[in-house]
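Please read the numbered points below with the structure open beside them.

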Amino acid sequence: MTVAESIKSKLTAALAPSELEIEDESHKHAGHSGWRPGGETHFRVRVTSTLFMGKSRVDRHRLVHAALQEELATQVHALALELKTPDEQSR
Amino acid sequence: MLDEATKKRIDTEVTENDVLLFMKGTPVFPQCGFSAVVVQVLSHLGVKFKGVNVLEDPDIREGIKDYSSWPTIPQLYVKGEFVGGCDIIREMFETGELAEMFQTRGIDAKHPVA
């Protein structure tokens, strides 16, 4: 399984997202620290989930960090997050 | 791993500096795009802050992740409280919440010019 696939399956299980987009941005960081040939080090993830309702930005990020603990400790060097509730998404 | 000595050093930094940024590189020469974004936002708001370069300090680099329960750098602290990383600071800047937060905490910040 690629890192992107494992991010996808873990976030799907943890957050029941109505929208989930995972973008490998590693190529934008080529040569920088943490970058490896083959990519899968820098990701941008967009999630829409009802589980974010009533939660602060920090708490939303922590939910995602918790689900991806293993990836963050190993392969993933940078994770940009855009986390919205369905209401915010439709605005 | 966060040992007692490192925890004390971080405690001291975040309590002695109203606005403190744990970052890669320095405010003048950031060495990571995400750290650079936060430096830019703070500079744009005219907020005085101290930068701690985690690349020069492996204990802090690892320790701050446990200290804040936050796995990535940069990390912004205001008046001893963790505010967020790059995405959160940028979002709060865009909505005007960041300038407001600085003002309610008694820290000089300019209103952003749209």
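1. In chain B, 62% of the contacts between residues at least 6 apart in sequence join residues at least 24 apart. Please keep in mind that this is a predicted model. Buried residues account for 46% of the 114 residues in chain B.

2. Chain B has 5 helices and 4 strands. Along the sequence these follow the pattern α-β-α-β-α-β-β-α-α. The radius of gyration of chain B is 13 Å, close to the 13 Å from the globule rule for 114 residues, so chain B is as compact as a globular protein of that length. Taken along the principal axes, the box filled by the C-alpha atoms of chain B is roughly 45 × 25 × 20 Å.

3. The largest nonpolar core contains 39 residues. Phe22(B), Val47(B), Leu76(B), Leu98(B) and Phe102(B) are the residues with the most contacts inside this core. Among the elements of chain B that each supply at least two residues are helix H1 (4-16), strand S1 (19-23), helix H3 (58-68) and helix H5 (97-104). The largest share, 6 residues, is that of H2(B).

4. What does Leu98(B) touch, leaving aside its neighbours within four places in sequence? Its contacts are Val41(B), Leu45(B), Ile89(B), Met92(B) and Phe93(B). Leu98(B) is also one of the residues with the most contacts inside the largest core.

5. Gly96(B) sits in the loop between H4 and H5 of chain B. With a relative accessible area of 22%, Gly96(B) is partly exposed, because the cut-off for a buried residue is under 20%. The C-alpha atoms of Gly96(B) and Asp66(B) are separated by 29 Å, and the two residues are 30 residues apart along the chain.

6. The 4 strands of the open sheet in chain B are arranged in the order S2-S1-S3-S4, with mixed pairing. Strand S2 (50-53) and S4 of chain B are at the edges and have a single partner strand each, so one side of each has no neighbour in the sheet. From one strand to the next, the twist averages 30°.

7. Within that sheet, S1(B) and S3(B) run antiparallel and are joined by 4 bridges. Phe22(B) has Gln75(B) as its bridge partner in S3(B). H1(B) packs on the sheet and touches S1, S2 and S3 of chain B. The direction of H1(B) makes about 135° with that of S1(B).

8. Chain A has an open sheet of 3 strands in the order S1-S2-S3, again with mixed pairing. Strand S1 (19-24) and strand S3 (78-84) of chain A are the edge strands, and each pairs on one side only. Here the twist averages 10° from one strand to the next.

9. How do the strands of chain A pair? S1(A) and strand S2 (residues 42-48) of chain A are antiparallel, with 6 bridges, whereas S2(A) and S3(A) are parallel, with 7 bridges. Leu20(A) has Val47(A) as its bridge partner in S2(A), and Glu19(A) stands opposite Thr48(A) in S2(A). In S3(A), Thr48(A) has Lys84(A) as its bridge partner.

10. Is S2(A) largely enclosed or left open by the rest of the structure? Of the 7 residues of S2(A), 6 are buried, so this strand is largely enclosed. Helix H1 (residues 3-15) of chain A lies across S1 and S2 of chain A and runs at about 25° to S2(A).

11. Thr85(A) is placed in the loop between S3 and helix H4 (86-90) of chain A. Its relative accessibility is 5%, so Thr85(A) counts as buried. Apart from residues up to four places away in sequence, Thr85(A) touches Thr48(A), Ser49(A), Phe52(A), Met53(A) and Arg60(A). One of these contacts, Thr48(A), is the residue whose bridge partner in S3(A) is Lys84(A).

Note on methods: Residues numbered from 1 in each chain as written. Chains lettered and ligands numbered in written order. Predicted model: local features only at pLDDT ≥ 70, side-chain atom pairs only at ≥ 80, totals over all residues. Heavy atoms only, no water. Pairing = 2+ DSSP bridges. Axes fitted to C-alpha atoms, helices over the stretch in contact; angles between N-to-C directions. Contact = heavy atoms within 4.5 Å. Core = buried A, V, L, I, M, F, W, Y, C linked by side-chain atoms within 4.5 Å. Buried < 20%, exposed > 50% of the residue type's maximum accessible area, 1.4 Å probe, protein only. Rg over C-alpha atoms; globule rule 2.2 N^0.38 Å.
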